[in-house]
Amino acid sequence: MQISSFQVVPALPEKLLGLREMAYNLLWSWDDEIRIVFSRLDRDLWSQTYQNPVLMLGLISQDRLNAAAKDDGFMAFYSRTYERFKEYLHETTWWDQRHMERPLIAYFSAEFGLTECLANYSGGLGVLSGHHLKSASDLGFPLVGVGLLYQQGYFRQYLASDGWQQESYPTNDFYNLPVQPALDDKGAPARVELDLAGQRLFVKIWRAEVGRLPLLLLDTNLPENPPDLQDITDQLYGGDQENRIRQEIVLGMGGMKALVALGYAPAVCHMNEGHSAFLSLERMRMLIKEHGVRFHEALEAARAGNVFTSHTPVPAGFDVFSEDLMDKYFSAYMHEVGVSRDDLLALGRPPNDPSGPFNMATLAIGTSAFANGVSRLHGEVARSLFQPLFPAIPESEIPVTHVTNGAHTRSCVSREMAELFDRYLGPEWWRRPGQPATWEGVDTIPDEELWSTHERRRERLVAFARQRLMRQMEQRGASARDVQKARGVLNTHSLTIGFARRFATYKRADLILTDVERLIRILTDPKRPVQIIFAGKAHPKDTPGKEMLKAIVSFCQRDDMRRHAVFLEDYDIVVARYLVQGVDIWLNTPRRGLEASGTSGMKVLPNGGLNLSILDGWWSEAYQPEVGWAIGKGEDYQDHSYQDYVESNSIYDLLEKDIVPLFYQRGIDGLPRPWIARIKKSMKLTPTFSSNRMLWEYGERFYLPSAHCFESLTAERLQRARKLAEWKTFIRQQWGGVRIEKAEAQSHGIRRVGEGFEVRAVVRLGPISPEDVYVELYFGSLDAQRRITAGQAIAMRMESALDGGIYRYSGAIPCDLTGMIGYSVRMRPCHPDANNLLCTGLMNWL
């Protein structure tokens, strides 16, 4: 049977045509007034459609639309909101005021968590990507997002009667979501083609409007494709390794083709994790085809315009592919661009492992000008992870820095709290959430108003939890009596703790259950009751994570715990919103070093919640005794069982001796003023952990320098890129003959602080020019094993040229600290067009 299709759209009254424009722009996901417009049309339908204005406009009755068009009060509010919407899209932005240039930035991510009705995310990485786009829009960055559009997305969670996690995969109807087919220059739906192991793959391009910027989403579920290829974009992180490599080819290489097909020419491509790293290979192919350059020359140009962000704290978190899969999917590519198999595979392997699997993070860092972790501590972890790629370079100098993640304040803060900020911080506070001056007015908010606002949000959280729990029980077939009992869970006045995140074992959701009887005593204290709300999903294949989740559910189902502990199923943006806006305490218990950043705790800051967390990720930077509580002091443990014992007892001690007494310490007016003082100090952390601050850092530290370098290397048919590639080839060929012949102190003995310690070195460069190398003194304090700690490098100057390519250098170590100082001499290549000073990975030591 042949089936043809056509699309039906709502018939809006002419006065309300702006509703469609606003519905298809995800600005409504962080603009309360636009959401109010749709909820005023039909509050029940707004809720039933999961706050999806596109679907809502397709279901609302024509009578209701016509009535709204005749309602003077609604029309006044709608007109004012629509006018403000248009102003936002066209007003002068932060970028306009600060920068004359507008190099295009393409931001690639496997997931984007923008709003609940567009389930294109699994967790923190996707929500972070969504917040990146929202802040980029607010600030006016010249940025376009690139991702995949999943037919089923990530799984929906439900629990069996015994608490074991089950998964379902509802199908998304793209035509009733806030996305539309992207159109090519002829007005036809745009698509691109890829060659997948000899099979022709068509990829449809969808477009979502995210405020001022577009998000391109790729879809392979087209009837023209072979059945096995149609399913590539079915599920986020779904399928076997072959489907993963297919997804990542579509994201990276298909994403680059999609940009070109729609007329975008990015100067900078930002890889948010390594999933999209194949974009580098496609970028090289485009440069080779356009300019007739060789592969290693195209590599230099492409590298200049790439930025890589890693969110991974362990090697197992990086995607790796076998040689067989790489051969299957890239043999034709190798032939087309003229690169050998060994050279291509070397881009995904460390130099000392020529036969290992192809690592996407290795490809990403090796083809990027800048690389970063997502917190200060994670930057240290990432440098350790990538040390094998730079075996001659000290770990502290591995070219991976950090940009601490941030949260999009306007997406996180409750409407009630935002209204309070309007009154005391000024109605334009949301335009400058990353500036500390914006939050100075927090101290002027009356304690009574701040506390009553926070209490209203706790009441809403409790009401939401009760309704959600009742629905969960009904779906599991619980008796009417048990469903009614859910109406009485929790207490709107009790100290409320929230724990919500992915149920991976390292996040230790069950740490607080280490001593169940002690926890029960804390929760059930009749004078100072405490309650805890859990939520989160385990990966479908993570059995230990599911076991942990089941243990939490079993605890919550105890008869003596039903009023004090609940688990909310199907954790998503909606559940997260109610939690971060309503809890008093946000609990976070990862093993230190394994939480790359952890943005959920940032989201409670402007909502009046306080953090109780391990000193990991962002909290290791944010923690101060007056703004929250730290579990432990940042210790590292070899024995995990002992660590769990120590840190669980720290949680109980903090709750019993500090947190609970402080919360219930009320004055004669019933206000917990010392607690409120902490809230205000905690709120002042908001600008430091705002995604606006994060975007400023990316823009000025990475995007603009990368764009300048890319434009320089690609000018005049890549002349500078060709010369840089030629220089690197020459350096690598000659580096084996480079060595430091000797180094000696000018005079021995003790030095006083403020003096210098002079050193001379003789180096053999052969045919390499002194202009092409840095000769440096590397020095620092010695530890008990006579190793240099906190090493620093200082350039030596060339004194004279000797015979046969030998040169004498001299330098002085500043004596700023007392103690034993160790030093050595090293050499490394340097070039003015190199992306960073360690670009070759070559370094010779004495």
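How many aromatic pairs does the structure hold? It holds 41. Rings of Phe, Tyr and Trp (its six-membered ring) count as a pair if their centres lie within 6.5 Å; planes under 30 degrees apart are stacked, over 60 edge-to-face, and the rest tilted.

Take W94 and W95. They pair edge-to-face, 6.3 Å centre to centre, with 70 degrees between the planes. W94 is buried at 18% relative accessible area, and W95 is buried at 0%. Buried means under 20% relative accessible area, exposed over 50%, partly exposed in between (1.4 Å probe, protein chains only). Ring pairs link W94 and W95 into a cluster with F141, F370, W696, Y698, F702 and Y703.

A word on the model. It is predicted: local features need pLDDT of at least 70, side-chain atom pairs count only at pLDDT 80 or more, and totals for chains, interfaces and linings use all residues. Residues are numbered from 1 along each chain as its sequence is written, and side-chain values use heavy atoms, with hydrogens and water left out.

Next, the sheet. It is open, has 6 strands and pairs in parallel, in the order β17-β16-β15-β18-β19-β20. Strands here are DSSP runs (E, at least two residues), helices likewise (H or I, at least four), both numbered from the N terminus. Two strands pair if DSSP finds at least two bridges between them.

Which strands stand at the edges? β17 (565-568) and β20 do; each has a single partner strand, so one side of each is left without a neighbour in the sheet. The twist averages 20 degrees from one strand to the next. Axes are lines fitted to C-alpha atoms, for helices over the stretch in contact, and angles run from 0 to 180 degrees between N-to-C directions.

Now β19, residues 610-614. Here 5 of the 5 residues are buried, so the strand is largely enclosed by the rest of the structure. β19 pairs with β18 (residues 585-588) over 4 bridges, and with β20 (residues 628-631) over 4 bridges. Look at N611. W586 stands opposite N611, and in β20 the bridge partner of N611 is G628.

Helix α22 (residues 543-556) lies across β16 and β17, at about 135 degrees to β17. Helix α23 (residues 573-582) lies across β15 (495-500), β16, β17 and β18, at about 155 degrees to β16. Contact means heavy atoms within 4.5 Å.
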